[in-house]
2 protein chains.
Amino acid sequence: MITGRYGDFHTLRQQGGVAGYLKRCESHFDHFGAGHASTSISAALGMAIARDRRGESYKCVAVIGDGALTGGMALEAINHAGHLPNTPLLVVLNDNDMSISPPVGALSTYLNRMRLSPPMQFLSGSVEESMKHLPFMGGELPPELNRLKESMRRLAVPKVGAVFEELGFTYMGPIDGHDISEMTRTFQAAHRVGGPVMVHVVTTKGKGYPYAEADQVGYHAQSAFDLDTGKARPSKTPKPPSYSKVFGQTLVKLCEQDSTVIGITAAMATGTGLDILQKAIPAQYVDVGIAEQHAVTLAGGMACQGLKPVVAIYSTFLQRAFDQLIHDIGIQKLPVTFVLDRAGIVGADGPTHQGQYDISYFRAIPNFTVMAPRDEAELQRMLVTCLQHDGPAALRIPRGPGEGVPLMEEGWEPLPIGCGETLCSGDDLLIVAYGSMVSRALATADLLRASGIEATVVNARFLRPLDEALIHPLARRIGKVVTMEEGALSGGFGAALLESLSDHDLMLPLLRLGIPDQLVDHATPQQSFEALGLTPEQMKERICNRFEWEASKTGTTPETPSLLKR
Amino acid sequence: MITGRYGDFHTLRQQGGVAGYLKRCESHFDHFGAGHASTSISAALGMAIARDRRGESYKCVAVIGDGALTGGMALEAINHAGHLPNTPLLVVLNDNDMSISPPVGALSTYLNRMRLSPPMQFLSGSVEESMKHLPFMGGELPPELNRLKESMRRLAVPKVGAVFEELGFTYMGPIDGHDISEMTRTFQAAHRVGGPVMVHVVTTKGKGYPYAEADQVGYHAQSAFDLDTGKARPSKTPKPPSYSKVFGQTLVKLCEQDSTVIGITAAMATGTGLDILQKAIPAQYVDVGIAEQHAVTLAGGMACQGLKPVVAIYSTFLQRAFDQLIHDIGIQKLPVTFVLDRAGIVGADGPTHQGQYDISYFRAIPNFTVMAPRDEAELQRMLVTCLQHDGPAALRIPRGPGEGVPLMEEGWEPLPIGCGETLCSGDDLLIVAYGSMVSRALATADLLRASGIEATVVNARFLRPLDEALIHPLARRIGKVVTMEEGALSGGFGAALLESLSDHDLMLPLLRLGIPDQLVDHATPQQSFEALGLTPEQMKERICNRFEWEASKTGTTPETPSLLKR
């Protein structure tokens, strides 16, 4: 708002508008791009080292939330910065007692103690209290003991802020983050300290807007709302329940049936639907805070000792735990289930949050079974499949509403591992679609049929193992293959099928549809699909171009997006 | 040694022998597999939660080194464990003041303060000292003040161990880790505490063997040595300088020429060759400790402000910073150079340390230029290429000696980005090799030539962008393609070429040689190459089989490894 973007603020998170996260290319006030938590101290320390090394003299300030502070890399950075007493660096800890969800962990409890107890007051009070109970004193503290009191205070002061003080920081605070003059004074004092300083600022999330203060979780990423009532503007069209909600509800049922099932998330309870489990069966729910690496290895430990952990983390955040997936789950073949929410196009959050890499990074992790449901009913069956599988398993679900198919309340049958299904048959073309692209594949096949092109559509279900027994004969017979995935094409699902065909000496013309090697900017999901050429109309067009079939006979010729005109 | 493996200890880290790291499938005493640092608290906490949830009563103990404690996920786990006062968990901090290299960071300084100052002594001493200087006291402390002293001690005690105490742990220590009876007593006391306990144990790395105590870095992973002299047994055959050493020496030269170049590692100074820079130009060297995530984002911050960071981390450890590579370097297009050491087969360290995933995981990261040199001379040129490139760049080098080619002392010319080279020409077969496989490709081509098969060999140099202008016409003309890479085949280099050919409608028989979807056990590198069918003899055989050429006419028919007989 104060960096020249006020005028465009009404375009926030809309296609072509202002981004929701810091973006270097958007403003020179955005010194470092952001999206995932816990990075600011590392980046600011890098800048401070560069400044000193080049003999420059500007100030480097990192702002970090109390939720973000629990992320391991923030603590790595504190450990490094605290070791550089001659490198001035100001870290502002914005302590609003919230991440996306209320924060968890010992650090949060610790900060709460500090928030509630202004340091000087608490300590002098405590010392005075102790002295009152000394046998030879009692009552008022005699003036002669003032220096003793001071001496004791000096000894005891590090107790408040001790964690940061012991790690080499000068700790200042807590101060009121809504008192501008107090903040100005404190920051000025902080900049006079030569080395790393932590200023602990206490704020209220949503300050000044009562509805936001009252519902801090709900307003973390509130959609458009009525300013007077604070209520979200109702969606014009009713939508089926989201994948996340169906997952959360189904997991509750499975937890009820089996007390060894346990849901784990990393500060994403609401987003993943795990808040439903949290409310229903808190004993079978764990939120570790912003700590994806720990979440994964914790689940590995649980699986060793007979629990069945289900780890629900967004696709984009699970990138943080890539090594732990390999080492602590994959290599050890531990039966842990991963549910990757927001896998694919995420819309308004933009490039940092697109779930576009998980298909390709999961392909090489040893021993994993990897799948994606075509709809929310298949999600239920896949969840049961993962839980019954004696090994690492992962499934990905997209952001947003399901397909609106009927759901079962119980009695879900597991799917046979590695088996896809044929949804419709045709001799001109084989479309193999993965997960959320299956419904789009069917829509594309309908459009093709209207032009006289008959396609077989396969729901692959499994990325790993791929259903070669189903797909290879179809590919050989039909001779033309299209793959569809909501993820990066480089090393993705289509690549997996191409590799498999090539390894079996099946050299066929193949078109891979998915996310090319580019960032996907913030927009509505539908706008993103259009920009990527992934609407059914566009995919029909691209298929016709690739196989040199006559374009649409229906008269509508959707434009090929510019990114494809290479 | 005490878990039933003493008898096999002479087979340590040898093919078919005892592994160098914890391995669940090797012994039921190995409760959790390990390889990368900082995981033990997470895994043990998961086990402790499982224990309590299932109403069982065994004890859970995590052992963690002081070096490993700086890894972010260890701190994430402490934050979680400290929040569970009713979940008994013992964390043994093995503080030997060493990781692979001497540890760095504020936490290490903090531990050192604790090591040097047994808590009670230090504090009572300090309190007594303060009191002596009070005006109305002086000299001996009057007996009436004994309770005051006690009260002050209670206030001040948390100062030692404060970081852990404030985070919810009961802190005990430091104790002598070489005094068995003191350890037994302390551990028994620790198990009586209801919640999380941290026992701080001080040990000496290499204790009892003077040569190991004297050279703790050198003995971290010592090869076979003479027990009496402590000297490594000299290698029978002289070897060319390692890739790591050539990298380190070249970086020193580049740092001398440009004071904005800065080398960064994460506790791998010796392994990466960065110790050469550390000694030569300490001002242009940073070791952040075991903190790969922070290392990457720190480099991003430096690049924003005009430094040219070169981050040297093993391929396997860089997995820890996958998300930071995407967000803090790739998406932001920051000019940071990554040198991935130990990329490919690592030998005795086994599955947890194989550098087999980096080719596939780097392929999808936006904006990166990715390359691998065919020999140590090309490494020098690629390092210059990366540094001159205005964007993210990564190069991978294998473990061990270079090819023994002549090296230049200065004046390295950068390579044109995205350009490979043709090394020899033939019309029967096109071999496209990446990095360390180029020399093996040439050896394979020699063997093929001896059987009358003429191969063109291309040194791809770049994974991204791929030299389609060079490779496609050759592939089209020759019609048969083999790819060779020292990395996972799933989504790897061969897959990249296959995708590129398919996208350009070139459907050709193609054989991808590399690491299939399996773990590579500990062995000598040569044994691993044989187990994977990647010796030139085996590759020749596999090529002949794939293209149905008559096998070797020379009379030697190397056996196809069993893993390929599927």
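Reader: Is Ser490(B) buried or exposed?
Author: In this predicted model, Ser490(B) has a relative accessible area of 17%. The cut-off for a buried residue is under 20% relative accessible area. Because 17% falls under that limit, Ser490(B) is buried.

Reader: Which residues does Ser490(B) touch, not counting residues up to four places away in sequence?
Author: Ser490(B) is placed in the loop between strand E15 (481-488) and helix H19 (493-503) of chain B. Its contacts lie in both chains, with Ser360(B) in chain B and the others in chain A. The residues touched are Ser360(B), Arg363(A), Ala364(A) and Glu499(A).

Reader: How many residues does the contact take from chain A and from chain B?
Author: Each chain supplies its own side of the contact. The numbers are 117 residues from chain A and 116 residues from chain B.

Reader: What is the area buried between chain A and chain B?
Author: The size of an interface is often given as the accessible area lost when the parts come together. Here carbon and sulfur atoms give 61% of that area. The area buried between chain A and chain B is about 9900 Å².

Reader: Which helix of chain A gives the most to the side that touches chain B?
Author: Between chain A and chain B there are 46 residue pairs in polar contact, with both residues at pLDDT 80 or more. On the side of chain A that touches chain B, the greatest contribution is 9 residues, and these come from helix H12 (residues 292-304).

Reader: How many nonpolar, polar and charged residues does the side of chain A that touches chain B have?
Author: The residues on this side of chain A are sorted by class. The division is 54 nonpolar, 41 polar and 22 charged residues.

Reader: How many salt bridges are found across the interface of chain A and chain B?
Author: Side chains of opposite charge can pair when their charged atoms come close. The whole structure holds 48 salt bridges over all chains. One that joins the two chains is between Asp517(B) and Arg464(A), with the closest N and O atoms 2.9 Å apart. Across the interface of chain A and chain B the number is 10.

Reader: How far apart are the closest N and O atoms of Asp323(A) and Arg320(B)?
Author: Asp323(A) and Arg320(B) form a salt bridge. The pair crosses between chains, from helix H14 (residues 322-330) of chain A to the loop between helix H13 (315-318) and helix H14 (322-330) of chain B. Asp323(A) is buried at a relative accessible area of 1%, and Arg320(B) is buried at 5%. The closest N and O atoms are 3.0 Å apart.

Reader: Which residue forms a salt bridge with Arg512(B)?
Author: The closest N and O atoms of this salt bridge are 2.8 Å apart. Arg512(B) lies in strand E16 (residues 510-515) of chain B and its partner in helix H19 (residues 493-503) of chain A, so the pair joins two chains.

Reader: Which residue forms a salt bridge with Arg374(B)?
Author: Arg374(B) is partly exposed, with a relative accessible area of 23%. The closest N and O atoms are 3.9 Å apart, and the partner is Asp375(B).

Reader: Which residue of E10(B) stands opposite Val339(B)?
Author: Strand E8 (residues 337-341) of chain B runs parallel to E10(B), joined by 4 bridges. Strand E9 (residues 369-371) of chain B also pairs with E10(B) in the parallel sense, over 3 bridges. The residue of E10(B) that is the bridge partner of Met371(B) also stands opposite Val339(B). This residue is Leu395(B).

Reader: Which residues cover the two faces of strand E10 (residues 393-396) of chain B, and are they buried or exposed?
Author: One side of the strand has Ala393(B) and Leu395(B), and the other has Ala394(B) and Arg396(B). Both faces are covered, and these residues are all buried.

Reader: What distance separates the C-alpha atoms of Pro335(A) and Tyr243(A)?
Author: Pro335(A) is in the loop between H14 and strand E8 (337-341) of chain A and is partly exposed at 26% relative accessible area. Residues that Pro335(A) touches include Ala303(A), Pro309(A) and His389(A). Tyr243(A) is 92 residues away along the chain, and the C-alpha atoms are separated by 23 Å.

Notes. Residues numbered from 1 in each chain as written. Chains lettered and ligands numbered in written order. Predicted model: local features only at pLDDT ≥ 70, side-chain atom pairs only at ≥ 80, totals over all residues. Heavy atoms only, no water. Contact = heavy atoms within 4.5 Å. Buried area = accessible area lost by both parts, 1.4 Å probe. Salt bridge = Lys/Arg side-chain N within 4 Å of Asp/Glu carboxyl O. Polar contact = N/O pair within 3.5 Å; in protein donor to acceptor, adjacent residues only side chain to side chain. Nonpolar A, V, L, I, M, F, W, Y, C, P; charged D, E, K, R; others polar. Buried < 20%, exposed > 50% of the residue type's maximum accessible area, 1.4 Å probe, protein only. Pairing = 2+ DSSP bridges.
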